[in-house]
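Work through the exercises below with the structure open. Try each task before you read its solution.

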Amino acid sequence: MFQPVSLKGDSPSPIDERIRGKYLILYIGIIILSLVPLSIFEYSYVIYFWSKTDYWLFFILLPLNVLAAIYIVQFSATLISVLILKIVNLLHVPKEGNFKRSLEDRDYLFWNIRNIVKKCPLYVTASNPFPWFKNRFTLWFFGVKIGKKTICDNSWISSEFVSIGANVIIGMNSTILSFGIEQDNFILRKIRVGNGALIGAKCFLLPGTVMEQNSKLSAHSYTSYDQVLRENSIYLGHPAKLKNT
Amino acid sequence: MERDNYSKFEMDFISTSGVYKTPFSLIIIVQLFVGGIVLFLVNLWFINGLYYLLTGSDFYSFGLKAEWYYWLLLPLNIYGNILLFTFTIILFSAGIFKLLNKLSPPREGIFERGSKDWKYMHRRFWVAYFPIWLARALPLPWIDIVVYRFFGTRVGKSVVLYEGYVDPLFIEIGDFTMTSLNICIFSHLIYQDKILIKKVKIGKACVVGPHTIVSPGTIMQDFAVLGVNSYTSIEQELEGNLIHIGTPVSLTLPIQSVEESKNKAEKVKLEPSNAEANQNEIDLNLKEE
């Protein structure tokens, strides 16, 4: 239930080291732009509440100020990265398929750029101490639709080519990957999780997995590429197989 | 370590621990307020009191008018404030936790969605959520064990417990036990329509290996070792002085010293397929002597 220290990071979308340095300015720019609304907010807070006679109001409202500051950073970071993402997507439309893992391949290059753009807001959401407006909120801006009443806050979900239905349980420390790197090949497939599905703790969904309605995946197992988990059935193992009943 | 036979649960598969979002989760804002107000009052008293002690006059503003020793003591003040903030929140939420336990005593079993136990389970977890987050955010590694003790978990002395997903209720951990990176110790499993709660007992000087899941109802006897990347099924009993491996645990191996394992490896070498080569080596060694 309670996330350990070492896993409070961003989602596992590795950025290619060959271009990481090239787009560092973009990454730092997003961080600075997302902190501008915070500084405006703090400045107005201090101006409004700080006076020599009534400084106690300033301190009593400080917890609410912290709460507001965290969400202002998160919202501004997501909005700015969504705006930049729209410009990037105009240059190259993201699509599924099998690609080469070289920088000459435009699909692979632009996948890396998209990850650089999304990194800051995903990191801020992952390290948010409060349970409201977490994964579901941020991923909605990036086009991942997660239904109502889902438990998805202690897991890693890829920020594109994923759709998750309503009333789904996603376990602690489980990972939903819509990309795969196999030596020189790079694979991008859509993952669909139906309504009422259950994914146990420490599971891995590999690209192309389809989980139909009410299908269950037991803890500590992973699916293979393009696997289909049928309705109302239980799967487990490495890779997942239908459980004999 | 005995258990009743009639209390056997029969679930099809292992899911995960977790809670749904309920309106009760807004208690985090109350906790934040309580922590903040105590922090403010103590600071006000402390700064004024120290200033009065050293100069004999009242301190009336927080501006840059303070003396040099105030700035010298500022780092200690900041760190003390952080500790004060977390400990007030921990004490406050431990109080609420005990109140909830009195209103509806925690029970083991399978409960339907919407029942009283389901509701109180969720309330207990939302109370424990923020203090444990704070304790894990602090740079002191022992502090989350202190928090778990406040919430009624029995944790022995010198236990390593800070790198895993651990539930706050129905867990007993003995002295000198070591838990590794990225483990899950679950005392409850959540399914869409029901919840399963069962006590976990981990004995003295056990080792829980990395990337493992300890499911509810597991009993680890003293000196048992749970191997890497394995998980236990519900209500499994792990015998002491043995290594347990498997998904779910099915294989047991003896714990050996280095000398014993070396001796065994040499015996394997002397099997008939390699016997001739070994014989030649022994002959050569004899000639040299």
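The expected span of a helix is 1.5 Å times one less than its number of residues. Keep in mind that this is a predicted model.

**Exercise 1.** Work out what span helix H6 (residues 258-269) of chain B should have, and check it against its end C-alpha atoms.

*Solution.* Start with the count: H6(B) has 12 residues. At 1.5 Å a residue, they should span 16 Å. The end C-alpha atoms of H6(B) are 17 Å apart, which agrees. Now look at burial. The number of buried residues in H6(B) is 0, so the helix is hardly covered.

**Exercise 2.** Determine how helix H3 (residues 74-103) and H4 of chain B pack.

*Solution.* Take the geometry. The axes of H3(B) and H4(B) lie 9 Å apart, at an angle of about 165 degrees. Angles over 145 degrees count as roughly antiparallel, so H3(B) is roughly antiparallel to H4(B). The crossing is left-handed. Next, find the residues. H3(B) contributes, among them, B:Ile89, B:Ile96 and B:Phe97. H4(B) contributes residues including B:Val127, B:Phe130 and B:Leu134. Finally, sort the contact by class: 12 residues are nonpolar, 2 polar and 2 charged.

**Exercise 3.** Describe the side of chain B that touches chain A.

*Solution.* Count both sides. Chain B gives 38 residues to the contact and chain A gives 35. Then assign elements on chain B. Helix H1 (27-55), helix H4 (116-137) and strand E3 (164-166) each give two or more residues.

Key:
Residues are numbered from 1 along each chain as its sequence is written. Chains are lettered from A and ligands numbered from 1 in the order in which they are written. This is a predicted model: local features need pLDDT of at least 70, side-chain atom pairs count only at pLDDT 80 or more; totals for chains, interfaces and linings use all residues. Helices (H or I, at least four residues) and strands (E, at least two) are DSSP runs, numbered from the N terminus. A residue is buried if 20 or more other C-beta atoms lie within 10 Å of its own, exposed if 12 or fewer, and partly exposed in between; C-beta atoms are placed from the backbone. Two residues are in contact if their C-beta atoms, placed from the backbone, lie within 7 Å. Axes are lines fitted to C-alpha atoms, for helices over the stretch in contact, and angles run from 0 to 180 degrees between N-to-C directions. Angles under 35 degrees count as roughly parallel, over 145 as roughly antiparallel, 65 to 115 as roughly perpendicular and the rest as oblique. A crossing is left-handed if the near helix is turned anticlockwise from the far one by less than a right angle, and right-handed if clockwise. Ala, Val, Leu, Ile, Met, Phe, Trp, Tyr, Cys and Pro count as nonpolar, Asp, Glu, Lys and Arg as charged, and the others, Gly among them, as polar.
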